[in-house]
Every structure is written in structure tokens, then in C-alpha cells.
Amino acid sequence: MSENGLASVGQILREAREAQGITLDNAAVRLRLMHRQVEAMERDDFESLGQSVFARGFVRNYARLLGLAPESLLTRMDGAPTEPAAVAPTEPALPRSWLTSPWLILSLLGLLLAVAVPVALYAWLNSDGGERPDEPVPAAMQPRPAPPAASAPVAARTGVVAPAALVPPATPAAADGTPPEATASGTTEPAANGSVLHLDFGDESWTEIKDASGRMLMRQLNPAGSSADVHGQPPFDVVIGNAAQVQVTYNGRPIDLKPFIDVTVARFTLEE
Amino acid sequence: MFKFLTSYFSTDLAIDLGTANTLIYVRDRGIVLDEPSVVSIRTDAAAGGKRTVQAVGAEAKLMLGRTPGNLQAIRPMKDGVIADFTVTEQMLKYFIKKVHDTRMLRPSPRIIICVPCGSTQVERRAIRESAIGAGARQVYLIEEPMAAAIGAGLPVAEATGSMVVDIGGGTTEVGVISLGGVVYANSVRVGGDRMDEAIINYIRRNYGMLIGEATAEQIKKKMGSAFPGAEVLEMEVKGRSLAEGVPRSFNVSSNEILEALTEPLNAIVSAVKQALEQTPPELGADIAEKGMVLTGGGALLRDLDRLLMEETGLPVIVADDPLTCVVRGSGRALEEMDKLASVFTNE
């Protein structure tokens, strides 16, 4: 007992037991353990006792039975407690490293957006600008309540600046939303480009239809009562003047133009 | 994208929402919060009876039983489950905020919460919903015996029976676990609180004195024991005399407290015995060899392991740091969330 500093846990236990005159069997009975388990402890063979929770528990119980301080024995087992139960302080102990700070990520993301959006806008305007470079955007913003709508966009397109001309803002058809019916059915292009757009004009209407490649399929003023079929490769970029008076069917399905009408002109993209 | 962002701003948490204490484990950081489950609420008469949270946790616990009329110290958890839904939500919100760095965005972490295995579906749903109300993005529930077993370091995943007895503030959970699943689990609504109550009742009956819960808890911690020991402790206690109506002090001995605790301790012993009866023999043999492991605050009651050892004839081990076993186990489940899917419980 005096050479505690050198003795192993098992040795200390055995010496204490022998000093008190307790037999191994007696100790096993009092600990509710098997003979071999107590023996294993005294041999420092903690592996055979199972997981460390059991080994430590048995040693603790044995030490208490012998009147020893369990903690000093437990710290001696395998050098240190196997499971550190450190309770960190309530304050967040580890300040996040500056580099992984969420604000850094967020600001980078913001910067990226700030750069990407104008670039994308510029690129898009340029790609579309070739078709109508002479669009008098600002002058044409005032809407007109009941215009001779059919002719108004024509004037605008051809570059004759009508002061109150109803010219769409430069927003694309996509901004108005693509027709849900059309998008729902997926975007795979039919190989045989069987897409047919049928239009019935109840009134005079300026109509512009472009196909997937940007080729103009129709760009004309349609007289009242006429109808037209347009064949081509979707998606179609469609502009219809005086849209309230126009019925459109796409591959046999009627399309409701109402959600796309801005004053009198409907702009939208037909996909599929 | 949005989910990714919110996950970046919040850390995953494991919470042991206990009757007595709430502990929070943060992924990669360990246990960061250990506070009493107490909320004190101020009712503002001037503002039309508006209730505001005055203090939460340790600060609120000091107020228990010492509050003036407009202040109320509430323990929102009772018997391991929610007794006051809104207050629990407020408390969780406070704790969740506390463990996050001060940020402008509201944290919305993924949370693992332990539930008593005997809790009903309604009680589980209440816990889940109050966590969601407190800002959780997703809530996983884990049964307390499983969490306690993982936390104590038992070989839960192996083909060997492990028995864990988790004595908490409100409930005692007994579980037999093998191969990552619960073979038998039972929960009795007896725990530290019931022991305090038993002490209060005993002192009222035998001394004609009234003491508060805090005093009873102090007595239990200082000289409560489950088995007659060699030494007899004495302690001076102050309470209100029922006959005279004035505060008086008197002495109680550990033997008396042992007597007072007989009833709750018997309930625990019979729950353990019942578990052993219901355990399949093969697993019972494993348990007989390695013994059962005690966790939870109740395991700190002196000689409780001795009592269970005498009563069952099996080895009984007190886990290292029994108070944090459940939250450490939940924390490990959190760290290995993907691998340990089977330990989570459904509603």
C-alpha cells in the first residue's frame, strides 16, 4: 500500500483485499461478480471485462468495497479517463474563424450577385437587341387606356415615335411568366417539330412570332376575322397586339392569354 | 439553396430537455449549456396582464418559491414531459439563442431531443412542436434510455444485452438495448422530484414542519442515501412550524431521510425488477454478467447502486458523469446522425 505510486491498479486492489483478509470468492460474491472478473481486475486485465464503462464501474465498486478512494484508481487506469466529459462554458467557446464566418460567405455571395445580375442583363439585352435596336423605350412607357391598339405597337416597332405609344418595357416574355400549361409538360423538343400555333383574330392585331432559333415566323398586321397557322420549333416567343380579341390554340390546346396581357398586348413564351 | 444558407447559419443541437435541467450539446463543440429548466415570468398588470419572460435557467431557479405576486417561477416540464407548452417554447427559444453566436439572423438548427420512452404520442408531439416553435428547422426524437446508453458508452450496437437505468428529475427510465434497438423499455414517473416531495411529506408528518422544494433538494443532495450506511449524518434544516406558524430550525438525520425515500426508491427497484422479468433470457445472461448501468441525476444518490445490487443480485455500475449521459448520447447520435438512423424514434 505504501508503494502506491508504483503499484498497478490490480496490485493495489489485491493488496488491499489481502490486508483485510477477504478472499477472492468472498469479494466476488459481495460485488455480485464472477470469480474470473475479480481475478481479471487484480491482474490488470481490463480488456476482458468489456467496454471501459464496465471495467471502470467494476473497479470503482471494488475500490469502494475495500474502502479505497475510487477516483485515484480510476485516473490511474489507462492513464486518464477514457471519456472526457468536459462541460464547455456556456458562452460559445470557440469564436468562429474569420475565414469561415457566415458574413464573409454572405458578402461574397452578395458581391457575386451584384456583378452577375448586370452582366446577365447586359448579355441578354445584347442578344435580343439585334432584332429591335431602335426601340424607343422611355418615351413609350405611358400606357393608354383604350388605344387603337393594333396600330400602336406597329408604330413603335417601326421606329416612328408615337408619344403615347404602347410599347412594352424591355422586359422579356419570361418576366411575364411562361404559360403554366406549356411548362408543365416538360421541355423536351419534339423531334418532328410538330408544334402548331393556330390564331383566330376577332379584331385587327399585330402579331410577332419567333421560333427557338430566333427566326421570325410571323410579323404582320392581321386583319379582323382572319386566322393563321404557324409551324415551327418551340419555344415560341409570341407578341400579340389587341390580345383580348385573339384566340390562340397551341397543338390543339386553347391558351388563355389573359394572364399575359399588359394593357392590350400579350407577350409570352410557349415552351415544349 | 435557402436551406443550405440557413443550415450554414445554425449549428445542429442535441437537447436533453429534462424536468430538472436542460442540457444542450452542439455539434463539434460538446456540451455548451447546462441550466435548470426554470422560467420566471412577470405579469405586467399595467399592460393589461401582459406576460414577459423575466429570467430563464439558473437565475430563474434562485427565484423558485421566493417570488412576489407579479412574478412567477415556473418549471414548465413535469414528469419528463411538457406541462406548460408556451413557457417551454420560450425557454427553448432562449436556450437555443444562447448557444448561438449573436447574429442578426434567427437560428434555425436541426435538433435532436430526448423523450421519455413512456411518453404518449401527444406528449411527443408537444415536444416536437415546441421545438419547432422555438425555431428548429427539423426535429428528431430519441428515447431517453437509448440516449443514456449511448452516452454511458454501452455497446448498444453489439449483439449483447445492455441495461441502463436513467433516473432523471421526473422519470426513471429502464431500458434493455441490443443491436442498436430497444428490446425493453419502461418508464415510471418517479425521479428526483418525487424524492424531494417524499422528504417534504416526511418532515411535515414527523416534525410538523413545512419546508420548500429547494430545501428538500438540498437535504437530498447532502445526506440522502438509498442504503443504510455505516455513518449517520445530521443536518440543520430551517422550515416553518405548522403549529406555531413561525420559522424554526431542527435537525434531521440521514437515517430519517432514508426512511422518507423508501417509497420512491421502492418504485424504482420494482421498475428494474420488472424489466429483468421481461428481458429475454439470453440478454438477461449478458446483463447478469456485466450488470446494469445507472445514469441521470438520481444515480448520484448515495448507495443507490448498492440498493439495486442487493435487491437484484446483479452488479450495478454508476456511469461516469451520470448527469450528462443523456445529452452526450444524443450528441453522439447527432454527430453520427446518418449512421445511427435506427436509434431515432418516430412520433
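**Salt bridges, an open sheet and backbone details**

B:Arg110 is partly exposed in this structure, with a relative accessible area of 23%; here buried stands for under 20% relative accessible area, exposed for over 50%, and partly exposed for values in between, as computed with a 1.4 Å probe on protein chains only. The model is a predicted one, in which local features need pLDDT of at least 70 and side-chain atom pairs count only at pLDDT 80 or more, whereas totals for chains, interfaces and linings use all residues. Residues are numbered from 1 along each chain as its sequence is written, chains are lettered from A and ligands numbered from 1 in the order in which they are written, and side-chain values use heavy atoms, with hydrogens and water left out.

The side chain of B:Arg110 meets that of B:Asp12 in a salt bridge with an N to O distance of 3.0 Å, a salt bridge being a side-chain nitrogen of Lys or Arg within 4 Å of a carboxyl oxygen of Asp or Glu. Because B:Asp12 lies in the loop between helix H1 (2-9) and strand S1 (13-17) of chain B, while B:Arg110 belongs to strand S9 (residues 110-115) of that chain, the pair ties together parts that are 98 residues apart in sequence. Helices and strands are DSSP runs numbered from the N terminus, a helix (H or I) having at least four residues and a strand (E) at least two. B:Asp12 is buried, at 9% relative accessibility. Over all chains, the count of salt bridges comes to 24.

Also in chain B, B:Asp196 forms a salt bridge with B:Lys220, the closest N and O atoms being 3.2 Å apart. This pair links distant parts of the chain, with B:Asp196 in helix H6 (residues 192-207) and B:Lys220 in helix H7 (residues 213-223), 24 residues apart. B:Asp196 counts as buried at 6% relative accessibility, and B:Lys220 is likewise buried, with a relative accessible area of 13%. A further network of salt bridges links A:Arg32 with B:Arg306 and B:Glu310.

In chain A, five strands form an open sheet in the order S3-S2-S5-S9-S8, with antiparallel pairing; two strands are taken to pair if DSSP finds at least two bridges between them. Strand S3 (216-222) and strand S8 (261-262) stand at the edges of the sheet and have a single partner strand each, so one side of each is left without a neighbour in the sheet. S8(A) pairs with strand S9 (residues 265-270) of chain A over two bridges in the antiparallel sense, and the bridge partner of A:Ile261 in S9(A) is A:Ala266.

A salt bridge of 3.5 Å (N to O) joins the side chains of A:Arg219 and A:Glu208. The two residues, 11 residues apart, lie in strand S3 and strand S2 (residues 205-210) of chain A, respectively, and the pair links distant parts of the chain. A:Glu208 is buried at 5% relative accessibility, whereas A:Arg219, at 38%, counts as partly exposed.

Several loops carry backbone features of note. The peptide bond from A:Pro234 to A:Pro235 is cis, with omega near 0°, and A:Pro235 has its place in the loop between strand S4 (227-232) and strand S5 (236-240) of chain A. A:Asn242, found in the loop between S5 and strand S6 (246-250) of chain A, has a positive phi near 50° although it is a residue other than glycine, and it counts as buried at 15% relative accessibility. B:Asp79, which is not a glycine either, has a positive phi of about 55°; B:Asp79 lies in the loop between strand S7 (77-78) and strand S8 (81-82) of chain B and is partly exposed, with a relative accessible area of 23%.
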